[in-house]
Amino acid sequence: MDFRFSDEEEAFRTEVREFLKAELTTGWDQQFDTETELGAMEQGDFARQFQRKLAQRSWLALPWPKEYGGLGATVMQQVIFNEEMAFTGAPTGFNMGVAWVGPSLMIYGTEEQKKRFLPAITGLEHIWCTLYSEPGSGSDLASLQTRAVRDGDEWVINGQKIWTSGAHRSNWGWLAARTDPEAPKHKGISMFLVPMDSPGITIQPLVNMAGQHGFNEVFFEDVRIPADYLVGQENQGWYQLAVALDFERSSIAGSARARRLLVELMRFATEERSFVGAKPEIRHRLAEVSIEIDIAKYLSYRVASLQQAGKIPNYEATIAKLYSSELGQRLSRTGIDLLGMHGQLHPKSKHARLKGMMERYYLMSVAETIAGGTSEVMRSVVAIRGLGLPRG
Ligand SMILES: Cc1cc2nc3c(=O)[nH]c(=O)nc-3n(C[C@H](O)[C@H](O)[C@H](O)COP(=O)(O)OP(=O)(O)OC[C@H]3O[C@@H](n4cnc5c(N)ncnc54)[C@H](O)[C@@H]3O)c2cc1C
């Protein structure tokens, strides 16, 4: 693999940088209330306008075909874009429609579904949430119990989902439901598109350990959706879902976000020498983390280069997700150790350093090795699919 970017790609990086410099004027990040969830950034007027500007430039889903609101860009352009956005901490809000609903529809959707749903994602009309996990089905997702039963021209859905990120801000749901309870568990699941304002859907907030309302419980009681909201083949949903999960685990932005945090930590360590002076080992840990961030970057580049070659990354994406999420936790521990007691202070405290970002990052990073598949499960995937070891 050639790790250099082409002249066109470097020119694109410059264009993105200039755009971000012009849009993210001094103080833009002060507009967000750090007391509330990180996700609340998405709700701010600034963030909404910013997303619209991205949509106008067809930058929300860069590699998508132009007819669906993309730019037909290369995967490497997407990598560059994600890196620049993550490094500046731009308020994109995480968009599941772009990340995996759209890509899955492009593979499994009907022409009608593609024409209707893909431009609505890039036009920001449809905001999606992902309805996979249930109280008894997380890692063992194939055991999910939410039922979808065909009734004439409709499907009737009953059951409960949990940990649904952003359900309270979404108007569409990407749902995995059981359509054949008699079949072996992997062979009786189908994927559906569900309007979140359908009668019979109830959304209950769940507040995480950082005090933020990011995810929810979602209850389905005789929810009726049209028959053609089924995606792909009935009972083949598990295999479609596995592809969507590989899109989810690409982790391209993770290393750029970590690099930004490290830059802030190093600036702090340079300016406030007394903090590091008392803990000489911190120098080594910062150096180690710096190397690890580069490793995470190259693991993501490997995923991107597979995508660029038209392949669907599999255990390679899992390795990138595993490494980048655990790196996030190592980095936040290093930051907390560097700041000492100050590191534990909430952004609202007048004694907080680095605007209290380490306290937020530390608490949020706990979820990174759970969301999108736990580290234990990721290691099993690498063992089985990557190393060819037998199932335990
Ligand atoms: C921030 C966040 C956002 C999320 N957003 C969404 C969302 O939008 N939509 C959605 O559907 N879900 C979402 N989830 C749920 C997430 O996918 C699940 O939490 C995750 O898959 C783990 O499932 P579980 O919580 O049921 O844990 P369990 O599966 O019950 O696991 C409990 C523990 O057992 C271990 N374990 C389980 N099975 C094995 C095994 N076979 N081998 C070894 N160890 C094992 C796990 O590693 C873990 O430590 C989110 C989670 C988080 C933290």
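# A guided tour of the predicted model

Begin by selecting isoleucine 127, which is partly exposed at a relative accessible area of 31%. This model is predicted. Isoleucine 127 sits in the loop that links α5 to β1 (128-131). Display the residues around it: apart from residues up to four places away in sequence, isoleucine 127 touches Arg169, Ser170, Asn171 and Trp172. The C-alpha atoms of isoleucine 127 and valine 101 are 10 Å apart, while 26 residues separate the two in sequence.

**Into helix α5**

Next, select residues 111-122, which form helix α5, and pick out glutamine 113 within that helix. Is glutamine 113 buried or exposed? Glutamine 113 has a relative accessible area of 4%, and it is therefore buried, since the cut-off for that class is under 20%. Now show what lies against this residue. Beyond its neighbours within four places in sequence, glutamine 113 is in contact with Leu105, Leu118, Leu193, Asp228, Tyr229, Leu230 and Val231.

In soluble globular proteins, nonpolar side chains tend to be buried together. Center the view on phenylalanine 220. Leaving out residues up to four places away in sequence, phenylalanine 220 touches Leu131, Ile157, Asn158, Gly159, Lys161, Leu175, Val194, Gly200 and Ile201.

**The ligand and its surroundings**

Select the ligand. How many residues surround the ligand? There are 16, and the closest are Ser133, Ser139, Trp163, Thr374 and Glu376. By type, this shell consists of seven nonpolar, eight polar and one charged residue.

- Serine 139 has a side-chain N or O atom 2.6 Å from an oxygen atom of the ligand.
- Threonine 374 has a side-chain N or O atom 2.7 Å from an oxygen atom of the ligand.
- Serine 165 has a polar side-chain atom 2.8 Å from a nitrogen atom of the ligand.

On its own the ligand has 970 Å² of accessible area, and the protein covers 61% of this.

**Threonine 374**

Remain with threonine 374, which is located in the loop between α11 (357-365) and α12. Its relative accessible area is 17%, so threonine 374 is classed as buried. Setting aside residues up to four places away in sequence, threonine 374 touches Ser139 and Thr369. Although 235 residues apart in sequence, threonine 374 and serine 139 have C-alpha atoms 7.3 Å apart in space.

**Helix α12 and beyond**

The last stop is helix α9, residues 281-308, where glutamate 288 is found. Glutamate 288 counts as partly exposed because its relative accessibility is 46%, which lies between the cut-offs of 20% and 50%. Finally, select leucine 331 together with glutamate 288. The two are 43 residues apart in sequence, and the distance from C-alpha to C-alpha is 9.6 Å.

Terms used: Residues numbered from 1 in each chain as written. Predicted model: local features only at pLDDT ≥ 70, side-chain atom pairs only at ≥ 80, totals over all residues. Heavy atoms only, no water. Helix = DSSP H or I, 4+ residues; strand = E, 2+ residues; numbered from the N terminus. Buried < 20%, exposed > 50% of the residue type's maximum accessible area, 1.4 Å probe, protein only. Contact = heavy atoms within 4.5 Å. Near = heavy atom within 4 Å. Polar contact = N/O pair within 3.5 Å; in protein donor to acceptor, adjacent residues only side chain to side chain. Areas by Shrake-Rupley, 256 points an atom, 1.4 Å probe, with all protein chains shown as cover. Nonpolar A, V, L, I, M, F, W, Y, C, P; charged D, E, K, R; others polar.
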